[in-house]
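Student: Can we go through this structure pair by pair? I would like to start with charges and end with sulfur links.

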Amino acid sequence: MDQSTSGAAARRYKCKMATWACLSMACAVLAVLVSVILPVLIDGMMQSSLNAARVINGPSAFGYKHFVNYTVQSENRFIVTFFNITNADLVLSQPDVKPALEEIGPFVYNYNRIRHDVTFENAGDTVSYMQHASIEFNPAETFALSNGKHKSDTDVKITTINMIFNGMRLQAGPEYWHLISDNLLWEDDRKRLFEHRAPRELLLGYAVSIKLPLLPKIHIKFPGLFPNLPDATDPDMQHPAEINTGLTNAEDTFKYKLWRGQSSVRVACPYASAGLPFDNQCKAAPYPCCGQTQTVPVWDTTIAPGEFDSDANEIQGTSGDQFRPGLHSDSERVLVFFDVAQRVMPLVTSPGEGLANFRGIPVRRFRPGTELWGNVHDRPANARYYQWGPSGLLNLTMLFGADIYISLPHFLNSDPSLADAFEGINPDKELHDLYISVEPYSGITVEEQQRAMVSVKIQSEPKVPFLDKGWFPMLRDRTLFVPVAWFNQRALATQDAADSFSDLYMALHIQSASPYVGIALCAL
């Protein structure tokens, strides 16, 4: 090989090595771009997508239509199962008989909620609105879920607790309660304690009439467990709610500023609300309120320092539709203002439970914290909510004007004595659990299984001198919390709504894979 040939080969070798060096440099730069810079770009795109999905700061926002009309991309039902007391006569005629309960239903109702007068303020950082909710009987789904037993909510009568009789004690006082019940409305113990009502009456309300000599009839109303209130009397249509949108502070997403125009809950006092002359109950028992003509705080005003609900009457938490983004910790807690009970409710994840799946979306399930259901012995701060009975019960007497309590269905997770007092109560977590499912990156709720049970407190009543010998002696010293119905306010995001999260999860997959793509490029 001559000198010119060897020189050309050397130049080609150097050129080849330079080319490989350039390619290696380019590969390294590309690897850095793919493994470091691309995830940053994708993260920015994700945050932008998340903000677009979760922040409702104007009519053009992605979730605005659902915010206004709850049925948009959501299947909403109000499902109710009633308890029929099958041995009412024995309960009153023989000592210590356990009430035997059988479930009647379920009855399915379409649940509708429309928000009106939606107004964005503070450059889209807050929004105020009125809202109206209603239910509409769904005969086809009722027929299917009840296995063909029911296609109407008026053609079956349920033996249950007499709601008007129960409420009259608080509103009229013991003397008038006995006088009216003995002489004008109910002639015996069975008619006082029990009544036969259709599901529609128990949900939407009914009235009984008193006819006095020479006077027109007086109609006494039970408003119903879920009345379809007209706009003119619906408090949610008379007083606005205001919430944060989370535009400037994601931690505040959907947190209430006002609910029904209030920052602290107040209610008309139910005790001695009839204002009858010579009603002495306010002298005997003025707590928690009695006879006030102005509204009063719903709960005891004692402050509990260090508690999440230090002021029991303060309106805080969200509506439950949405929370702050980034709910990834094993133990998460969010606060929801539970409007039925007019108090804040902690919802927590179960450590170690991990992610569930809802229509292809990985979700976190939140359930009420144990501090919600504890009685005064379990949690002394719950004395402010008048939870003096067995654990597992929320006392709603101040709100309903009757001895009405809420628990989980079939007394799930409650003091065992509550279920043991009845035949036919069988708690089952699969059927009776209350939870919501939240997509953790956005904080958006995609599933609601809001299950709860309504019960009424009954006990024997002592005699009132010169009126009667007392009522229900066979109950003896028992205090029973008799289940009336359990319900599930269920909301399920449609498959189309679930699919809208697909872009988010595709970006997550690309982001997690990008470092490995960079390594693979270098290896090539």
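Student: Are D189 and R192 buried or exposed?
Tutor: Keep in mind that this is a predicted model. The two side chains form a salt bridge, with the closest N and O atoms 2.6 Å apart. Both residues sit in helix α7 (residues 189–193), three residues apart, about one turn of the helix. As for accessibility, D189 and R192 are both buried.

Student: Is D236 buried or exposed?
Tutor: The cut-off for buried is under 20% relative accessible area. D236 has 16%, so D236 is buried.

Student: What is the N to O distance between D252 and K255?
Tutor: D252 is partly exposed, at 26% relative accessibility. K255 is also partly exposed, at 34%. The side chains of D252 and K255 meet in one, at 3.8 Å.

Student: Which side chain of opposite charge is nearest to E447?
Tutor: E447 lies in strand β19 (residues 444–459). E447 is buried but has no salt bridge. The cut-off for a salt bridge is 4 Å. The nearest side chain of opposite charge is 4.2 Å away, and that is R365.

Student: Which side chains make a polar contact with the side chain of E447?
Tutor: Contacts of E447 beyond four places in sequence include F358, R365, A491 and L492. One lies at 2.7 Å, that of S437. The other lies at 3.4 Å, that of Y435.

Student: How many residues apart in sequence are M163 and A402?
Tutor: M163 is in helix α5 (residues 163–172). At 3% relative accessibility, M163 is buried. Its contacts beyond four places in sequence are E195, Y206, F222, V456 and V484. From C-alpha to C-alpha, M163 and A402 are 7.6 Å apart in space, yet their separation in sequence is 239 residues.

Student: Where do C269 and C289 lie, and how many residues apart are they?
Tutor: A disulfide joins the two, with S to S at 2.1 Å. The pair links distant parts of the chain: C269 is in the loop between β10 and α10 (281–284), and C289 is in the loop between α10 and β11 (296–297), 20 residues apart.

Student: Why is the disulfide of C282 and C290 left-handed?
Tutor: The S to S distance of C282 and C290 is 2.2 Å. C282 is partly exposed at 26%, whereas C290 is buried at 12%. The torsion about their S-S bond is about -85°, so this disulfide is left-handed.

Student: What is the pairing when the bonded cysteines are numbered in sequence order?
Tutor: There are two disulfides. One joins C269 to C289, and the other joins C282 to C290. In sequence order the pairing is 1-3, 2-4.

Definitions and conventions
Residues are numbered from 1 along each chain as its sequence is written. This is a predicted model: local features need pLDDT of at least 70, side-chain atom pairs count only at pLDDT 80 or more; totals for chains, interfaces and linings use all residues. Side-chain values use heavy atoms; hydrogens and water are left out. Helices (H or I, at least four residues) and strands (E, at least two) are DSSP runs, numbered from the N terminus. Buried means under 20% relative accessible area, exposed over 50%, partly exposed in between (1.4 Å probe, protein chains only). Lys and Arg count as positive and Asp and Glu as negative; His and the chain ends are not counted. A polar contact is a pair of N or O atoms within 3.5 Å; within protein, one must be able to donate a hydrogen and the other to accept it, and residues adjacent in sequence count only if both atoms are side-chain atoms. Contact means heavy atoms within 4.5 Å. A disulfide is a pair of cysteine sulfur atoms within 2.5 Å.
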